[in-house]
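Please read them with the structure open.

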Amino acid sequence: MTDQHRLPLGFDFFGAGELPAPGLPADEVAAILRRHWGLDVELRSLGSQQDQNFLALRAASVPGSWSAKTPIGVVKITNPAFTAAELAAQDAAASRIAAHAPTLRIATTTTDAAGEPRSIAADTSEGPLSIRLISFLDGGTLHGSAYLSPHTVARMGELAARVSLALDGFEHDGLDRVLQWDPRFADRVVDLLAPHHPDAEKRARVTDAAAAAWAAVTAVADALPVQAVHLDLTDDNVVRSVRQAGAAGPDAEVVVPGSGSGSGSGLPDGLIDFGDVTRSWAVAELAITISSVLHHAGAEPVSVLPAIRAFHALRPLSLAEVAAVWPLVVVRGAVLVVSGEHQVQLDGGENAYAADGIEREWRIFEQAVSVPTEVMTALIAAELGVDLDAGADSSGRGSFDLTAIGLDTARVARLDVSPESDEVDGGAWLEAGLEERLALAALDAGASAAWLPRATPRLTESRIRSAESPATVPTGIDVWFASPPVLEIVESRSAGLRAVVEPELAVEPETPAEAETPADARIDAGADDSPLPARTRVRIRIERVDGPAVPHLVRAEYAAGWLAQTIDPAPLLGLAASAHSATPTSDRHDGARAEPDPAALLARRGASFAEVQEHYYDAPPRIERGWREHLVDVDGRAYLDMVNNVTPLGHGHVGVADAVSRQLRRLNTNSRFHYGAVVEYAERLAALAPDPLDTVFLVNSGSEAADLAIRVALAATGRRDVVAILEAYHGWTYASDAVSTSVADNPNALETRPDWVHGVDAPNPFRGVHRGADAARYAPEAAARIAELAATGRPPAAFIAETFFGNAGGIPLPDGYLAEVYAAVRAAGGLAIADEVQAGFGRLGHWFWGFEQQGVVPDVIAVAKAAGNGYPLGAVITTREIAARFRTQGYFFSSTGGSPASSVAGLAVLDAFRDEGLQRNALEVGTRLKRRLEALATRHPLIGAVHGLGLYLGVEFVRDRDTLEPATAETAAICDRLRDLGVIMQPTGDHQNVLKTKPPLCLDDASADFFVEMLDRVLAEGW
């Protein structure tokens, strides 16, 4: 391939011999800058593999003192092996990118007052060396191992594309060089440097992987475009757009390249270090960028797909480039490993930068080879919507035959254990042997065979409480035969396919070694000497002879890549094709049950659903199942649900489902008809309230409950004014929305309140107007406000408040708050309304109702959410006298609230609370959870406080524990990262900086611990 480029005029790695980095003392470099450019600076060493870099900080006017430490540039001392033409090419390339991509910040050589570049060839203690002062880009690089979000990874791909477009057509004599980092020479670099690797086992892994990947690159090399490339757009050389949040230490005022933590900062928009500018394959720009992602916390091969998509969107990849990307990542990893070890040996262990990179480079290599190159290439092609095998026969028919002799295809049963199957309801998917039981039941019913299709995710293979998605997607089929089967397999070597039958028999064609080897081979699996037993599972798949060994089950993220290595055996046996045979992420079911992939369904939602009805997450998983405290997506991944207080009993509760199902088969109407369930439910609910509250209205939601509670108060008092706590949320109906003042739910909440709503300060002792001991002032101030309204002729009809400040993150009201305010509103002739929609029904653990924590009894209780475990049911509980006064408003009924179905749902919920000890569980597990979260706060300063009681908690994030600056952006990013690790969590509060920790009350210790461990991991690794 040397004929693809010119003979080098500049540096030639293979002819240069050893390449030790310069090592000038800082004081000598400072003296050079002072002498040549009149700059008085402090220098701070920065890492480099083969050059020497310093951060130059401007000195204070007072000798011996440094103030502000303003960065004025990066001093780059270039390795003497590089020529002046090469340095000029670097400067010219930087200037070209700056001109062609004006939205990017580019580190170019600075100029003096006369406009002359600060670039010299200086005489030093190590001989003549080129020294330049490069502009400093504020913000910090992505250096380190912190987690990189998909948005950050995508931006890296975008930057690589913009650089590639800018340098397309750029020519310069200094580009004609041979660098060890140029992937066109990767095979030679590995051959040259691998013998220096001290670990024989690792050395063999690297050389073997590099050789295989190099063969894949060679196959398409002639079709790869060549152009000028930066060649080092890595995490170390892209700079964020803002300063790091939460920097600490004596140098916190300066953020230098290499200090990035990967958390809480802006997306990269700056590029530095043009030392590797050369001419190479254009796709190398992308390959090198994405390889640098692989060593970061949580990264794996699929993590780089956002960068590839972003690159392709701006600078489309050709088919040859798509085929080359991942092999180039592998050879890049190999080059990094052998080069790093060689550099450490070359510098005698004194190059800390190279030494520190050994572990990082090995992780890049390990991740690059953790998934076969063929699989990643197919996965990338699927992500980009390109067909690398256009025109190829993927059916296998005519070239490959697989027959089950004696199989009656008219009597086969296709089994379904997907996340949307009825067979896995009620937690059945967690029971061992479910697939076998279903299959044997089908055979007992007369089926000649029962089978599970290829590519449809299997919920039976899911795991609960895992930070990694499980392998749920089958690459072949599973068949149970009623009679001992004979599988006749005719394989065509020209088709390049083999059949694998597991576990009883594996059949693989021999590789033809001689010309006379027949083109076809006939193999009978299950002959008399080796029968396949009847009624046992037979796993069958068809894969490529020269491809990787294919697992029977793969993770959904990689399914497109693995399935591309196989064909569906089902049609060859006369069975229906699997629904996912072509595209594993689409068409989840056949016929009328067919549904699009999550992204397509989300687009349909956006087109038909009112936009204001938002959804969690920008790219939400498609959730179609729940069980206890877990939610399950269509790929069979289970997520821990830490936010869903709508279902206190947990998801998929069999008792509620059975009760509602039975009732719906009998009758469902409204509460104006006479039936027993509504009476029993009203009696049991009223019995849970303290005296004198004995009368119940049934409604269908929390919003309706709050709305009705307000209307009851207005009717009972004949007044129109209501006092409400600021920053609270009560619902979306007219009245409940009127008293909701949370700007998180409605940014215009305060400006759009009707004049009959009067707000009092949110009694938040952590970040409210009165904090700590001063929180005792909230109650008398609220009482004074009520008295003031009464004195001005507008006595309030009611005071409404959550009994536990849930919208702010589960914050207890100050001691005695409700007692004093309730007394004030009653003294003015008004009523006290307790909004128990969130805190009620045992969530606090210690008490069934939130107001019990305050030692008070309200006049009206509004409750919902927990009442129906997700079924539409809410209630207003008050006294007989107050309820009677509502007669002035005419008749009242709710079509769904109090219906037979909702009533039996409510009864089933009350039974479960009694029988399953959910309030006690909330206390015990909640106490353990809060204690562990508080322990996290001792190690992670982002946690400002842990609020709440029982399973009504809030973890509040702040950027500064003194100023309490809310960490809003960080909280959103943390929630996204938690989702990736298997935890569903959302922010709450007016600043959206509190984790809304309100899980189903069936949460167990293991789930609570998993949540804490994943949060700890996010706070440690980044988000």
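1. Start with the fold as a whole. Among contacts (heavy atoms within 4.5 Å) in the chain between residues at least 6 apart in sequence, 76% join residues at least 24 apart. The model is predicted: local features need pLDDT of at least 70, side-chain atom pairs count only at pLDDT 80 or more, and totals for chains, interfaces and linings use all residues. Residues are numbered from 1 along each chain as its sequence is written, and side-chain values use heavy atoms, with hydrogens and water left out.

2. The chain has 25 helices and 36 strands. Helices (H or I, at least four residues) and strands (E, at least two) are DSSP runs, numbered from the N terminus. Of the 1023 residues, 57% are buried. Buried means under 20% relative accessible area, with a 1.4 Å probe and protein chains only.

3. Take helix H4, residues 150-167. Its 18 residues reach 26 Å from first C-alpha to last, close to the 26 Å expected at 1.5 Å a residue. That expected span is 1.5 Å times one less than the number of residues. Glycine 169 follows H4, with a positive phi near 90°.

4. Which residues of H4 are buried? They include Val153, Met156, Leu159, Val163 and Leu167. Their cover includes helix H3 (84-100), strand E7 (226-229) and helix H8 (305-314).

5. The axes of H3 and H4 come within 9 Å and cross at roughly 105°. Axes are lines fitted to C-alpha atoms, for helices over the stretch in contact, and angles run from 0 to 180 degrees between N-to-C directions. H3 and H4 are therefore roughly perpendicular to each other (65 to 115 degrees). H3 brings Ala93, Arg96, Ile97 and His100 to the contact; H4 brings Val163, Ala166 and Leu167. These divide into five nonpolar, one polar and one charged. Ala, Val, Leu, Ile, Met, Phe, Trp, Tyr, Cys and Pro count as nonpolar, Asp, Glu, Lys and Arg as charged, and the others, Gly among them, as polar.

6. Check the peptide bond between aspartate 691 and proline 692. It is cis, with omega about 10°. Proline 692 lies in the loop between helix H16 (676-688) and strand E25 (695-699).

7. Look also at tyrosine 617. Its phi is positive, about 70°, although it is not a glycine. Tyrosine 617 sits in the loop between helix H14 (598-608) and strand E22 (623-627). It is buried, at 9% relative accessible area.

8. Phenylalanine 841 is not a glycine either, yet has a positive phi of about 65°. Its loop runs between strand E29 (831-835) and strand E30 (860-863). Phenylalanine 841 is buried, at 1% relative accessible area.

Note on methods: Buried means under 20% relative accessible area, exposed over 50%, partly exposed in between (1.4 Å probe, protein chains only). Angles under 35 degrees count as roughly parallel, over 145 as roughly antiparallel, 65 to 115 as roughly perpendicular and the rest as oblique.
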